[in-house]
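Me: I am new to reading protein models. Please take me through this one in short questions and answers.

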Amino acid sequence: RKNYEKLNDLAEQGGIVIFGSGSDKNIPTGEIRQAFAVESKIYNRSFENLSVTESVSIYEKVIAPLAPETVMIHIGEADLTIFAENPTEFDNKYRELIGYIKSQNKKCRIAIISLRNYDYDSQIEEINKHLKYIADFEKCEYGNIANKKAWNPKSTMNTVSFVYDIGFIR
């Protein structure tokens, strides 16, 4: 977390922030900017084993200072146990994060990204249903990356449209 706080001293406000967990730390933001000709800055502020239960405090310290115009949230991977024990708590913590982001910047666009579910795990499928519901209820974008899909033009067009809609491409 301290490294991100130091990086924020050098960063410009605005832009797009990826707020994720696990392997999201390795998302190559430079390559994304180049591949999609993105003009906005893209900052990756992802953490190993980030839980939704600690997301507001981390957002407050690490992401809020960037005043992002778009936040892509990909959290839940570390919350399988919490979700299994108390799905309502999981939902409430996610909604608390979204509420906090909106309180910091009413114009911030928020995208909730589903969990990967390449093995068709029933619990991850259920979490993704909750994430979709939260996105709809909170009027956020929803990006479904749950399943591996064969390439097809309609799917690609929908993905490019989603990327455009959340502000990656101007």
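Me: Is Lys139 buried or exposed?
Reply: This is a predicted model, in which local features need pLDDT of at least 70, side-chain atom pairs count only at pLDDT 80 or more, and totals for chains, interfaces and linings use all residues. Residues are numbered from 1 along each chain as its sequence is written, and side-chain values use heavy atoms, leaving out hydrogens and water. Buried means under 20% relative accessible area, exposed over 50%, and partly exposed in between (1.4 Å probe, protein chains only). Lys139 has a relative accessible area of 74%, so Lys139 is exposed.

Me: Where is Lys139 found, and what is its phi?
Reply: Lys139 is found in the loop between α6 and β5 (141–143). Helices (H or I, at least four residues) and strands (E, at least two) are DSSP runs, numbered from the N terminus. Most residues other than glycine have a negative phi. Lys139 is not a glycine, yet its phi is positive, near 60°.

Me: What is the phi of Ala67?
Reply: Ala67 sits in the loop between α3 and β3 (70–74). Ala67 counts as partly exposed, because its relative accessibility is 32%. Ala67 is not a glycine, but its phi is positive, at about 45°.

Me: How far apart in space are Glu12 and Ala67?
Reply: Glu12 is found in the loop between α1 (2–10) and β1 (16–20). In sequence, Glu12 and Ala67 are 55 residues apart. In space, C-alpha to C-alpha, Glu12 and Ala67 are apart by 9.0 Å.

Me: Which residues is Glu12 in contact with, leaving aside neighbours within four places in sequence?
Reply: Glu12 is partly exposed, because its relative accessible area is 48%. Contact means heavy atoms within 4.5 Å. With neighbours within four places in sequence left aside, Glu12 is in contact with Lys41, Tyr43 and Leu66.

Me: Is Gly15 buried or exposed?
Reply: Gly15 lies in the loop between α1 and β1. Leaving aside neighbours within four places in sequence, its contacts are Ser40, Lys41, Pro68, Glu69 and Thr70. Gly15 has 6% relative accessibility, so Gly15 counts as buried.

Me: How do α3 and α5 lie to each other?
Reply: Two packed helices are described by the angle between their axes and the distance between the axes. Axes are lines fitted to C-alpha atoms, for helices over the stretch in contact, and angles run from 0 to 180 degrees between N-to-C directions. Helix α3 (residues 55–63) and helix α5 (residues 87–104) pack at about 25°, with axes 9 Å apart. Angles under 35 degrees count as roughly parallel, over 145 as roughly antiparallel, 65 to 115 as roughly perpendicular and the rest as oblique, so α3 and α5 are roughly parallel.

Me: Which residues of α5 meet α3?
Reply: From α3 come Ser55, Val56, Tyr59 and Glu60. On the α5 side, they meet Glu96, Leu97, Tyr100 and Ile101.

Me: At what angle do α5 and α6 cross?
Reply: Among the residues that meet are Phe90 and Tyr94 in α5, and Leu131 and Ile134 in α6. The axes of α5 and helix α6 (residues 122–137) come within 11 Å. Their crossing angle is roughly 40°.

Me: How many helices and strands does the chain have?
Reply: From the N terminus on, the order is α-β-α-β-α-β-α-α-β-α-β-α. Buried residues make up 44% of the 170 residues. The chain has seven helices and five strands.
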